[in-house]
Amino acid sequence: MELYLVRHAEAAPGDPDELRPLTPNGRKQARSLGRRLRSTGVRADVVLTSPLLRSRETGALIARELGADVEVAEALAPGATPDSVTKVVRDALDESGTVVAVGHQPDCSRIAAALTGEPGPPFPPAGSLAIRLGG
């Protein structure tokens, strides 16, 4: 099973936090990431997103580029853990396939470090990392 862990693209400042939309640059970042993934042969079965608006918008733009369905996953909300993300990814796919999971920072770095055994990458807006999850 392949997991593409993604931090949401650039979001506008504002309050309440959960309703912050992507900036125009953020929309461009998300579309660009979707195109890059597609151009490298990524075929996502599903794009899972945090329930926060900026993640849902990022996920929708990536999914459009990949021709994938989008599902909101509470497990990707701020405070996500490696265990909660692994569980929601496995529940979405039945042991094989590819999932793009859009979440937040610093969660993405911590999750990546735990799942790979390597130091967590910095995950700039629209940053991504491919992680192979064992069966």
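Strands (E, at least two residues) and helices (H or I, at least four residues) are DSSP runs, numbered from the N terminus. Altogether, 6 bridges join β1 to β4, and these strands run parallel. On β5, by contrast, the pairing with β1 (residues 2–7) is antiparallel and comprises 5 bridges. Within it, L5 stands opposite L129, and V6 has S128 as its bridge partner. Strands of a sheet pair through backbone hydrogen bonds, either parallel or antiparallel.

These pairings belong to an open sheet of 5 strands with mixed pairing, in the order β3-β2-β4-β1-β5; two strands are taken to pair if DSSP finds at least two bridges between them. Because β3 (69–72) and β5 (128–132) stand at the edges with a single partner strand each, one side of each is left without a neighbour in the sheet. From one strand to the next, the twist averages 20 degrees.

Strand β1 is mostly covered, with 6 of its 6 residues buried, where buried means under 20% relative accessible area, exposed over 50% and partly exposed in between (1.4 Å probe, protein chains only). In a regular strand the side chains alternate between the two faces of the sheet. Both faces of β1 are covered: E2, Y4 and V6 are buried on one side, and L3, L5 and R7 on the other.

Helix α2 (residues 53–66) lies across β1, β2 (46–49), β3 and β4 (98–103), and runs at about 155 degrees to β4. Such angles run from 0 to 180 degrees between N-to-C directions, the axes being lines fitted to C-alpha atoms, for helices over the stretch in contact. Contact means heavy atoms within 4.5 Å.

The largest nonpolar core has 20 residues, and L3, L5, L48, V85, V89 and V99 have the most contacts inside it. Such a core is a set of buried Ala, Val, Leu, Ile, Met, Phe, Trp, Tyr and Cys residues joined through side-chain atoms within 4.5 Å. Two or more residues come from each of β1, β2, α3 (82–93), β4 and α4, and α3 gives the most, with 4 residues. Leaving aside neighbours within four places in sequence, the contacts of L48 include V89, V99 and V102. A second, separate core of 13 residues includes Y4, V6, V42 and L66.

Residues are numbered from 1 along each chain as its sequence is written, and side-chain values use heavy atoms, with hydrogens and water left out. As the model is predicted, local features need pLDDT of at least 70 and side-chain atom pairs count only at pLDDT 80 or more, whereas totals for chains, interfaces and linings use all residues.
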